[in-house]
Amino acid sequence: MQTIAKRAWHRLRTLAPEYALYPLIVLIVLLVMGAFTGRFLTTDNPYGSYTIQACAWLEGHLDVNPNFTWLELAEYGGKFYVSFPLFPSYVMLPFAAIFGLDTPDHFINLAVTLLGIAYALRIYRRMTGSSRYAARYVLYLYLANGYLFIALQGWVWFLAQAMCFTLSLMAVDAAQRGRSGWALAWWACAVGCRPMAALYLPLLVYLLNQSGVRHSWKRQIANLLPAALIAASYMVLNYLRFGNPLEFGHTYLPEFQLAENGQFSLAYAWEHLQQLVRLPKYQGRGQPLAFDPYDCMAFYLITPMLVTFLCVYFYALIRRRHGNAFWLIGLPLMVGAHLMIIVCHKTLGGFQFGNRYLLDMLPWVYVAILALKPQSGRTSILNVPLMVMGFCINLLGAVGAYAGRL
């Protein structure tokens, strides 16, 4: 027993500084952003839709007060409802019970982000066998791809994305350890934040099969139960609110009801694909480039981890095909389907700096990069220029967007 305790203490002393360092770096960056924008963790949250919904549930009704006219509320049957997937309100319930409408949404968003960083590092260590060069991947993921913009404030859209990001990493971690019940449960929670996470179920199944853990059919059914109950809770609440188990409210937003082509249409695809590659506008000598704080911009500048993925993917396609069939065929199909749904949506995210909708695919792309890349410092150092570029652009761009200077 004493030997076990010594080993545990040694492991804690070894890992604790590492797991504290990366979250601390991200926290410092966010504090610097707050200093230049006034968007601190203690500021009020005018877009606390999940808290409003949780408070309504605690009061015994599913609809919310229509006086929150600046929020995206869906009107159905003469009542108003929060028009976003439900899971974040589950998380907010205990906080709403204590703080009411004054829940610390920004702090919760930060805590979710810091938890995700720890899981990203954990996945890196498991897939590479060490933490060497981890900063070139973990900090790259969080600091250089648009995540800074959603990490700064716990607004309704950003809180859902931060939760989905972290829950996706948690699902991957559990799947790699062969914990199918936890993996599917975390995945179901992620879907309850951002429904497109459902597309990546085959990746979790693949990781579970690769883990080598085998269960009896009874155990497999038991492992499915938590995810099934979570999904059933969404369906019941959706049916009670909108008469449709798959409808969470977006269909009934005025923005989409008045749109000629509806919420999703191929008619939007070409314009949105062009926005995903558009460069900032040149405004003349002596003038700054014009970065648009609405919708999307050149993904290769704002979300360079996708560039890394493409480079690693084509290298593996040419040199490392053996044993990588899933990553070379299956994952691109999932990412491609995700991208097609994004560009067929009426909007690409509204006010933002970066490509906010593309963030939802990055946890899965991150895992694919680790699975495909040659494990060498010579390869990982190629991330450094992309990471520096992405960090500088996203830091300055997010500060400029929040400060109203773009």
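Helices (DSSP runs of H or I, at least four residues) and strands (runs of E, at least two) are numbered from the N terminus. The structure is a predicted model, in which local features need pLDDT of at least 70 and side-chain atom pairs count only at pLDDT 80 or more, while totals for chains, interfaces and linings use all residues. Residues are numbered from 1 along each chain as its sequence is written, and side-chain values use heavy atoms, with hydrogens and water left out.

Overall fold first. The chain holds 18 helices and two strands. Its C-alpha trace spans about 65 × 60 × 40 Å along the principal axes. The radius of gyration, taken over C-alpha atoms, is 22 Å, which agrees with the value near 22 Å for a compact globule of 406 residues; the globule rule is 2.2 Å times the number of residues to the power 0.38. Contacts (heavy atoms within 4.5 Å) were considered between residues at least 6 apart in sequence, and 74% of these join residues at least 24 apart.

The cysteines come next. With a disulfide defined as a pair of cysteine sulfur atoms within 2.5 Å, the count comes to zero. For Cys55, the closest cysteine sulfur, in Cys193, is 18 Å away and therefore too far for a bond. Cys164 is likewise in no disulfide, and the nearest cysteine sulfur, that of Cys193, is 5.9 Å away. Cys55 is buried at a relative accessible area of 10%, and Cys164 is buried at 2%.

Tyr133, although not a glycine, has a positive phi of about 65°; Tyr133 sits in the loop between helix 4 (105–128) and helix 5 (138–143) and is partly exposed, with a relative accessible area of 27%. Asp295, also a residue other than glycine, has a positive phi near 60°. Asp295 lies in the loop between helix 12 (269–275) and helix 13 (299–302) and is partly exposed at 22% relative accessible area.

Conventions
Buried means under 20% relative accessible area, exposed over 50%, partly exposed in between (1.4 Å probe, protein chains only).
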